[in-house]
Amino acid sequence: MNATGNGPGGDAADRHLPVLLQRCVDLLAPALAEPGSVLVDCTLGMGGHTEAVLEQLPAARVIGIDRDPQALALAGERLARFGDRFTPVHAVYDEITEVVDAHAGGAVQGVLMDLGVSSLQLDETDRGFAYAQDAPLDMRMDSTQELTAADVLNTYDERDLARILREYGEERFAGKIARAIVRRRAEREWDRSGELVDLLRAVIPAATRKTGGHPGKRTFQALRIEVNGELEVLERAVPAAIEALAVDGRIVVESYQSLEDRIVKRAIAQGTTSSAPPGLPVEPETHRPYLEALTRGAEEADAAELERNPRSASVRLRAARRLRPTPEHLLNRTSTHHTAKEDRR
Ligand SMILES: C[S@@+](CC[C@H](N)C(=O)[O-])C[C@H]1O[C@@H](n2cnc3c(N)ncnc32)[C@H](O)[C@@H]1O
């Protein structure tokens, strides 16, 4: 990852280099030109994208959401000079509807999501996100939450562990690793990431390690996704973010792995595709697309961006503009997300 290696207390700007920064600002700019226009930065992080919006688009104000209180504090310091043009909010981004109701009167002109972890989170050794350093098996983006990576390893049954490693980590050796995790915890509970890396080195065949990158890469990704409920939250958040957009409003999403990108792609495709049943001679108004895609498929980083910021290697950027309100018959589909969420609470 790409922080410049400052210790704790270092400046937020040095802790995380924003990915495809200018492209994101340029995509959002047409929606944020009018006085009073509002962007929700759902993944404030170190505030890099938000700072560029506030600097370059003087009519806009930004509501910055993050579930990590430490990120909010650091970004808050960085953005203090913008006064009331910036509003920090501690929330999970699937709460965007409530955040927009409370701070922007029900609709906004822009939404930005730059998914995953920040370089700050990877660099804070004691949070356990990085497989390169031995640390407590924590991996919570919000340290006020209860479930940690150690809890997952110590309490989930073998089948669930294997499923998580396979689905969220796309790990070929998921079954073998899950078995070894459960066997080892019968002797001693899991608590350090270094011990997990040692186990992965022992279980993953040496020949595979030559091509598959660090043996911890896929398992650590899977645990992080599980601990933070990342995909489940994103499934609810993208449709809710689209619903929060006023007509002509724009959404930009940067994903860093295929499972995230698939969720984003599907939510945008629902809006850019006609919902009319096939074979109708005339497309009824209510079935016309309510989104226009602003990117052709997913955009990737070019050579210059890659050179500047290695973290951009896996980025997939998608963007869309709202053309009209979502038709009633599709809104009901979106609202099942909310029902499922409320059921779980
Ligand atoms: C890649 S960083 C964003 C970096 C930011 N764009 C910048 O330029 O500094 C992602 C941030 O999103 C936050 N985050 C991840 N999932 C979240 C969620 N479900 N709700 C709220 N914040 C989340 C993380 O805590 C992290 O700080």
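1. Which residues in α13 meet which residues in α14? On the α13 side they are E230, L231, L234, E235, V238 and I242, and their counterparts in α14 are L259, E260, I263, V264, R266 and A267. The model under review is a predicted one.

2. The geometry of this helix pair can be stated briefly. Helix α13 spans residues 230-243 and helix α14 residues 258-272; their axes lie 10 Å apart and the packing angle is about 25°. Since angles under 35 degrees count as roughly parallel, α13 and α14 are therefore described as roughly parallel to each other. The crossing of α13 past α14 is right-handed.

3. One aromatic pair is present in the structure. It is formed by Y131 and F220, whose ring centres are 5.8 Å apart; their planes stand at 90°, so the arrangement is edge-to-face. Y131 belongs to the loop between α6 (119-123) and α7 (149-155), whereas F220 belongs to helix α12 (residues 217-227), so the pair ties together parts that are 89 residues apart in sequence.

4. Are the two partners of this pair buried or exposed? F220 has a relative accessibility of 3% and counts as buried. Y131, at 29% relative accessibility, counts as partly exposed.

5. Two arginine placements over aromatic rings also deserve mention. R184 is positioned over the face of W190, 4.0 Å from the ring centre. R311 lies over the face of Y256, at 4.6 Å from the ring centre.

Methods. Residues numbered from 1 in each chain as written. Predicted model: local features only at pLDDT ≥ 70, side-chain atom pairs only at ≥ 80, totals over all residues. Heavy atoms only, no water. Phe/Tyr/Trp six-rings, centres within 6.5 Å; stacked < 30°, edge-to-face > 60°. Helix = DSSP H or I, 4+ residues; strand = E, 2+ residues; numbered from the N terminus. Buried < 20%, exposed > 50% of the residue type's maximum accessible area, 1.4 Å probe, protein only. Lys NZ or Arg CZ within 6 Å of the ring centre and 35° of its normal. Axes fitted to C-alpha atoms, helices over the stretch in contact; angles between N-to-C directions. Parallel < 35°, antiparallel > 145°, perpendicular 65-115°, else oblique. Left-handed = near helix turned anticlockwise from the far one by under 90°. Contact = heavy atoms within 4.5 Å.
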